[in-house]
Amino acid sequence: MGPFRDGWTKQDVEAAIARGLPEELLYVPIVIGMDPPDCGWAEAICLSLAGHPDFNVRGNAVLGLGHLARTCRRLDLVAAVPAIAAALRDDNAHVRGQADNAADDLLHYLGVRVPGHVS
């Protein structure tokens with residue numbers, strides 16, 4: 001997926017973050033959310049990218065939180081729920097759509113309702 005191939009490592013992800021290129025960063029939350037080597041590490045990255053200026057990165061970071069709800073079956077709800085709720089109010093429609101998907105995942109996999117989400 002994007003700059004990541006099968007067998008990607010934490011170092012590959014950290015290198016993409018260090019480069020800071022939105023066209024690479026938008027893939028980071030997806031690959032780490034779907035196959036996290038460490039749930040806390042992956043969640044911290046998604047949360048840090050949820051405020052990124054690029055809407056694709058921001059939207060995928062929030063979606064990554066939803067993936068982590070499914071793959072890890074846990075999240076730091078004190079941090080994740082407000083991040084998803086804020087994304088539901090984002091100016092960008094893509095971000096709002098990704099936040100809606102993430103909120104669905106939290107409800108389905110964790111039984112947690114995100115404020116502002118209409119299911």
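Reply: A residue is called buried under 20% relative accessible area, exposed over 50%, and partly exposed in between, with a 1.4 Å probe and protein chains only. The model is predicted, so to speak of local features requires a pLDDT of at least 70 and side-chain atom pairs count only at pLDDT 80 or more, while totals for chains, interfaces and linings use all residues. Residues are numbered from 1 along each chain as its sequence is written, and side-chain values use heavy atoms, with hydrogens and water left out.

A salt bridge here is a side-chain nitrogen of Lys or Arg within 4 Å of a carboxyl oxygen of Asp or Glu.

In one of the pairs, Arg 19 joins Glu 24, with 2.8 Å between the closest N and O atoms. Arg 19 is partly exposed, its relative accessibility being 47%. Glu 24, by contrast, is buried, with a relative accessible area of 15%.

A further pair consists of Asp 90 and Arg 58, whose closest N and O atoms are also 2.8 Å apart. The helices named here are DSSP runs of H or I with at least four residues, and strands would be E runs of at least two, numbered from the N terminus. Asp 90 and Arg 58 are both buried.

The remaining pair is Lys 10 with Asp 38, their side chains meeting at 4.0 Å, N to O. Lys 10 is part of helix α1 (residues 10-19) and Asp 38 of the loop between α3 (28-34) and α4 (39-49), so the contact ties together parts 28 residues apart in sequence. Lys 10 is partly exposed, at 29% relative accessible area, and Asp 38 is likewise partly exposed, at 32%.

A disulfide, defined as a pair of cysteine sulfur atoms within 2.5 Å, occurs once in the whole structure. Its partners are Cys 39 and Cys 72, with sulfur atoms 2.0 Å apart. The angle about the S-S bond of Cys 39 and Cys 72 is -95°, and the link is left-handed. Cys 39 sits in helix α4 and Cys 72 in the loop between α5 and α6, so that distant parts of the chain, 33 residues apart, are joined. Both of these residues, Cys 39 and Cys 72, are buried. Cys 46 takes part in no disulfide, and the nearest cysteine sulfur, that of Cys 72, is 9.5 Å away from it. Cys 46 is buried, with a relative accessible area of 0%.

With contact meaning heavy atoms within 4.5 Å, and with neighbours within four places in sequence left aside, Ile 32 is in contact with Trp 8, Val 13, Trp 41, Ala 42, Ile 45, Cys 46 and Leu 68. A nonpolar core is a set of buried Ala, Val, Leu, Ile, Met, Phe, Trp, Tyr and Cys residues joined through side-chain atoms within 4.5 Å. The largest such core has 37 residues, and Val 28, Ile 32, Ile 84, Leu 106 and Val 114 are the members that touch the most others. Two or more of its residues come from each of α1, α3, α4, α5, α6 and α7, and α6 gives the largest share, seven residues.

Helix α7 also contains Tyr 109, which is partly exposed at 27% relative accessible area. Apart from residues up to four places away in sequence, Tyr 109 touches Ala 69, Arg 70 and Arg 73. The C-alpha atoms of Tyr 109 and Arg 70 are 5.8 Å apart, although 39 residues separate the two along the chain.

The chain as a whole contains seven helices and zero strands. The radius of gyration of the chain is 13 Å, close to the 14 Å of the globule rule for 119 residues, so the chain is as compact as a globular protein of that length. This radius is taken over C-alpha atoms, and the rule is 2.2 Å times the number of residues to the power 0.38. Along the principal axes, the C-alpha atoms fill a box of roughly 35 × 30 × 20 Å. Of the 119 residues, 48% count as buried. Among contacts with a separation of 6 or more, 60% are between residues 24 or more positions apart.
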